[in-house]
Amino acid sequence: MNAALDTTPIPATGEDALRDPTLYLNRELSQLDFNFRVLAQAQDPSVPLLERLRFLCISCTNLDEFFEIRAATVRHALDFGLPPGADGLSPSTVLNHIHDRAAELVDAQYKCWNDVLRPSLADVGVRVFSRASWTARQTRWLRAYFRNEIMPVLSPLGLDPAHPFPKILNKSLNIVVVLKGKDAFGRAGHLAIVRAPRSLPRIIHLPQRVAGGQHDFVFLSSVLSAFVDELFPGMEVKGAYQFRVTRNSELIVDEEEVENLALALRDELVGRGYRPAVRLEIAHDCPKPIVRTLLQNFALPDNAVYRIDGAVNLNRVVQVYDMVHRPELKYPVFTPAPHHEPEAIFERVAERDVLLHHPFDSFAAVLDLIKQAAIDPNVLAIKQTLYRTGKDSAIVEALVQAARNGKDVTVVVELRARFDEDANLGVADRLQEAGAQVVYGVVGYKTHAKMLLIVRREGRKLRRYVHLGTGNYHSGTARAYTDIGLLTADADIGNDVHLLFQQLSGLAPTTKLKRLLQSPFTLHPGLIRKIEREAKLAKAGKPARIIIKINAINEPRIIRALYAASQAGVQIDLIVRGACAVRPGVPGISDNIRVRSIVGRFLEHSRLYWFGNGGSPELYCASADWLERNLLHRVETCFPILDKHLAARVFKDGLQNYLDDNCNAWELQSDGSYVKLTPGDDTPHSAQGTLLAKA
């Protein structure tokens, strides 16, 4: 799906040849292409209809975040004259490519909605009415609704020298109105802005007596556009055009210059909604002079505007998914497999390691471990990292209870978890009020590791119980993301995790760990050593293979090591959900590298590293993707699966199962495009479907 680039074979003349920019796909464009694969789920007739709607909205929400973070980062690089990355593309070139590719995606999203999903939903009795299709009765009801429920909270603003262009909140719904005539003070009308407060519902459910059906809806934006004239009595509305601006949402705090990170973040959060703009979405029929006026006010170039054929906040239609209770239009409900009796969790883990493959295995095992630790009189201390927890987190409740019960509770709360900063500040306050010791991590390094350590007295000895995971301590994402978790009482792993918590609290130097690899110290060089080991095996004529499952990869030294291993004859399979800078299949360079992306019912999130190691395979799970930020600028953990039976299970279910998928797999081509695989004459195999059947 990327534009084809030159794939002429490059002479194998050492590492310098592997630095050639044509060997690297651009991370931002690759990430953008992932959303085409998500949108393909919305276009797939075999997916239940309301789930297709949900996938459409996910692609829209993902695109919002892409502009807020990734496109904003490129614009920042342009503004500050930063050099190109490994792909050699200048920031201005990348921004132009982003505009062209994003415009294709937006066009595809609205065609999917207008031409496919909206009519298909209407056919099964779920109608989202366009303004043109309202009946006289519906129009009367909506006008009354506007007057009674909407108009009282609106504050239209006419633009003149005394009323400059207002601040527009990030991703808020707005209407720019073209007026003719004079107001009560004799001022000539020209332009006005109507901002929709966030207190108003973006999707309005029509009563059955008015619409005739049980599941009938309209967009708030349609109602605002239809009745906006009532806000300007005595003036003529010549046009009303909805628009939305997306802003840079990356918080910037100079941690070395602030005395209190929590206070600094609170200050930054206040202004996040009004940071520099990066995108303007506006109605497709808005006149060019008005578009130019908006671009000037938001200090945006021409290639930052996207004309929209429908509601500018299309992702809000996901509310219909929640409001319509039609099981036949959704995926079948499934119950994750339980693993134990809650009261016996310590005995079970003491006996042998427990592997959890979410969402197919219940997240309750992790919750039960913390809950039992909170009330067990033999538990002395609990230490945990929290990155995202979700609202009303049962884990936070258990930690609060543990602290109140006199346990020594230490929690590393990563305040800089993107878009969860405010929630995490609240979690930190709550834990501190309960008596827990809260640590904000390490200056300059985001704590992304997922670790839980429980110290329990058993007879005359203290035993450490550990949970390590590839995903967050968030019950909601545990039902929607695929992740691996390990519960273990292994003494070496327990000691390693203990040392990591000492590092995070600022009480330990760099320490050699026995079992775990960690960023930013040992994970990156450790991975390169393991890749190079496979290359040596291949050169010696021995079997050599690498299988990696991650969300994204762009770290140049890792990629160069993979290219060198491919040249040596190592068979390399990369299962990369999103952005992938590796260019597979380049003759003489990456002939032995295959890259696939799996997009299905659940978000693929687990990070698994498997190395053949000459017949004694090593399998690791990790919190880290193979991105520069994760490997070099974050605190991450990478842990081995030591139990051979569990390692075999992870390999079978988490790796080979995904390599066999021919229903939800996309294969990356050497030109940067992705091709959807189909079963053809083979037996259809869905990796997630296989795991669901087992559950």
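Two strands pair if DSSP finds at least two bridges between them. The legends below apply this rule to close-up views of a predicted model.

**Figure 1. Strands β3 and β4 lie side by side in an antiparallel pair.** Strand β3 covers residues 174-180, and strand β4 covers residues 191-195. The two strands are joined over 5 bridges. Within this pairing, Val-178 stands opposite Leu-191 of β4.

**Figure 2. An open sheet is built from 6 strands.** The strands follow the order β2-β4-β3-β7-β8-β9, and their pairing is mixed. At the edges are β2 (157-158) and β9 (305-308), each of which pairs on one side only.

**Figure 3. Helix α16 spans residues 523-539.** The helix contains 17 residues and reaches 24 Å from its first C-alpha to its last. This reach is close to the 24 Å expected at 1.5 Å a residue. An α-helix has 3.6 residues a turn, so residues three or four places apart point the same way. The buried residues of α16 include Leu-527, Lys-530, Ile-531, Glu-534, Leu-537 and Ala-538. Leu-523, His-524, Gly-526, Ile-528 and Ala-535 are also buried. Just after the helix, Gly-541 takes a positive phi of about 80 degrees.

Figure 4. Is Asn-630 buried or exposed? Asn-630 counts as buried because its relative accessibility is 1%, and buried means under 20%. The side chain of Asn-630 makes a polar contact with the side chain of Arg-629, at 3.1 Å.

**Figure 5. The largest cavity holds about 90 Å³ of space.** Rolling a probe the size of a water molecule over the atoms shows where empty space is left. In this model, the count comes to 4 cavities of 30 Å³ or more. Which residues line the largest cavity? Its lining consists of His-358, Phe-363, His-467, Gly-469, Thr-470, Gly-471, Asn-472, Thr-477, Ala-478, Asp-483, Ile-484 and Gly-485.

Figure 6. The largest share, 3 residues, comes from β17.

How values were computed:
Residues are numbered from 1 along each chain as its sequence is written. This is a predicted model: local features need pLDDT of at least 70, side-chain atom pairs count only at pLDDT 80 or more; totals for chains, interfaces and linings use all residues. Side-chain values use heavy atoms; hydrogens and water are left out. Helices (H or I, at least four residues) and strands (E, at least two) are DSSP runs, numbered from the N terminus. The expected span of a helix is 1.5 Å times one less than its number of residues. Buried means under 20% relative accessible area, exposed over 50%, partly exposed in between (1.4 Å probe, protein chains only). A polar contact is a pair of N or O atoms within 3.5 Å; within protein, one must be able to donate a hydrogen and the other to accept it, and residues adjacent in sequence count only if both atoms are side-chain atoms. On a 1 Å grid over the protein atoms alone, a cavity is a set of points where a 1.4 Å probe fits but cannot get out, and a pocket is an open set with protein on both sides within 12 Å along at least five of seven lines; lining residues have an atom within 4 Å of a point. Grid points are joined across faces, edges and corners, and a volume is the space filled by probe spheres set on the points.
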